Amino acid sequence: MPMRWLRRALPVAFLAPLLAGCSLDGVQSIMSPAASIAREQHGLFMWTWYLSIPVMVGVFGVLFYVLFKYRRRRDDEMPDQSHGNPMTEVILTIVPIIIVIMVAVPSVRSIFRTQTVVQATSDDVVIHVTGYQWWWKFDYPQYGVTTANEMHIPAGKRVILQLNSGDVVHAFWAPRLAGKVDLIPNQDNRLWFDTDPDGTGIFTGQCAELCLGAHAYMRFRIVVSEQDEFDDWVAEFQQPAVVTTATDPLIAQGRQLVASKGCIGCHNIGNYSEGVKFGQPQYPDLTNFGLRHTVGAAILDATPENVATWIRDPQEVKPGARMPTLWQANDPNRDQEAAAIAAYLLSLGVEDGTQALAQASTGGN
Ligand code: CUA
């Protein structure tokens with residue numbers, strides 16, 4: 001008997017810690033929406049949830065009533081058979097139909113509301129989002145800005161995303177703002193949402209379509225800031241200060257290494273040389289890298305240590321990543337050179353290399 005009790009209690013004991021991880025205001029909780037689409041989805045979810053409460057009470061009420069009232073009293077007793085009872089059949093047909101209608105009408109209304117194709121006006125922010133294994137490219141055609149894994153948008157504006165893929169199918173999902181919409185090669189999918197006027201903050205998102213390899217590490221951040229802060233970011237980005245000479249010897253060494261180690265064979269760095277484009281489109285653009293909060297598709301905060309760790313051995317941080325290791329395992333210069341490249345990258349777009357660090361530490365969520 002105690003064994004049987006234990007067998008029943010064990011699954012509950014295992015589930016309890018998992019449930020303890022649930023949170024209504026977590027960084028990726030759909031329960032705390034901060035933009036129009038997420039709010040629409042949250043409203044639908046709550047409506048369905050409230051609707052399910054009377055259904056649950058009704059079903060369990062009838063169940064327990066019947067279990068109690070018609071429980072077996074004597075061994076030889078055969079209960080009344082109600083098979084074919086017209087009243088029961090009619091009720092069991094009509095009630096579900098009513099429930100389905102009550103769920104379907106708001107769902108269809110939401111679909112029409114959110115799927116409407118909106119024509120971009122000059123007041124909207126248009127961003128072309130391209131998914132690659134395993135990172136995100138964000139192009140701002142209105143501003144001539146290209147960046148990776150970190151999207152900046154102003155609060156209180158409509159954002160129109162044009163979604164495409166450079167390889168396999170991915171899915172854009174920022175649970176507190178909008179999603180999910182697939183990114184499909186050679187097909188332009190659209191997603192638009194209005195950000196809340198007071199909804200500034202840093203929101204996280206991730207790929208929601210199994211895209212092999214490092215799918216679980218294909219994350220991104222959306223920085224929603226006041227309009228003037230957003231304008232500052234755009235202005236900073238549009239004029240990438242070219243770092244040709246650096247007073248810091250580590251930064252100067254790093255600048256040389258991104259060429260000699262072949263970084264610019266894959267990555268464009270707008271700060272490297274005026275008007276010269278490096279790299280290939282399927283690898284992240286590192287222009288103004290110092291303005292970013294994270295490295296490795298939003299896996300690590302962009303601290304000098306983390307960026308150096310990433311460059312030193314990307315596979316260790318993100319198994320399956322396309323980025324190769326640039327040194328032999330026993331190369332004595334490996335740690336020092338990785339730190340130099342990190343110092344150079346973090347200096348891009350900022351007055352001194354400390355700004356990115358300060359931003360990273362304030363951008364907790
Ligand atoms: Cu991209 Cu999963």
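Reply: Let's start with cysteine 211, which is buried at a relative accessible area of 2% (buried means under 20% relative accessible area, exposed over 50%, and partly exposed in between, using a 1.4 Å probe and protein chains only). Before going further, note that this is a predicted model, where local features need pLDDT of at least 70 and side-chain atom pairs count only at pLDDT 80 or more, while totals for chains, interfaces and linings use all residues. Residues are numbered from 1 along each chain as its sequence is written, and side-chain values use heavy atoms, with hydrogens and water left out.

Cysteine 211 sits in the loop between strand S9 (201-207) and S10; helices (H or I, at least four residues) and strands (E, at least two) are DSSP runs numbered from the N terminus. Leaving aside residues up to four places away in sequence, its neighbours are Gln133, Trp134, Val168, Val169, His170 and Met218, where contact means heavy atoms within 4.5 Å. For a sense of scale, the C-alpha of cysteine 211 is 33 Å from that of alanine 340, which is 129 residues away along the chain.

Since we're on cysteines: a disulfide is a covalent bond between the sulfur atoms of two cysteines. With the cut-off set at cysteine sulfur atoms within 2.5 Å, the count here is 0 disulfides. Cysteine 266 is partly exposed, at 26%, whereas cysteine 211 is buried.

The chain splits into domain 1 (125-233) and domain 2 (249-360), with bounds that come from an automatic or database domain assignment. Their C-alpha centres are 22 Å apart, and 18 residues of domain 1 are in contact with 20 residues of domain 2. The size of an interface is often given as the accessible area lost when the parts come together. Here the two domains bury about 1,700 Å² between them, 55% of it from carbon and sulfur atoms (that is the accessible area, with a 1.4 Å probe, that two parts lose on being put together, summed over both).

What holds charges together across that interface? The rule finds 1 salt bridge between the domains, a salt bridge being a side-chain nitrogen of Lys or Arg within 4 Å of a carboxyl oxygen of Asp or Glu. There are also 8 residue pairs in polar contact between domain 1 and domain 2, both residues at pLDDT 80 or more. A polar contact is a pair of N or O atoms within 3.5 Å; within protein, one must be able to donate a hydrogen and the other to accept it, and residues adjacent in sequence count only if both atoms are side-chain atoms. On the domain 1 side, the elements giving two or more residues are strand S2 (135-140), strand S3 (145-148) and strand S10 (219-225). S10 gives the most, with 4 residues.

Now the charged pairs in general. Side chains of opposite charge can pair when their charged atoms come close, and the model has 10 salt bridges by the rule. One of them joins arginine 158 to aspartate 124 at 4.0 Å, N to O. Arginine 158 is in strand S5 (158-165) and aspartate 124 in the loop between H3 and S1, so the pair ties together parts 34 residues apart in sequence. Arginine 158 is partly exposed at 27%, but aspartate 124 is buried at 6%. The side chain of aspartate 124 also has a polar atom 2.9 Å from the backbone nitrogen of threonine 121.

Another pair is arginine 334 with aspartate 313, again at 4.0 Å, N to O. Arginine 334 belongs to helix H9 and aspartate 313 to the loop between H7 and helix H8 (314-317), so this bridge links parts 21 residues apart in sequence. Both ends are buried: arginine 334 at 7% and aspartate 313 at 16%. Finally, salt bridges that share partners join Asp124, Arg158 and Asp194 into one network.
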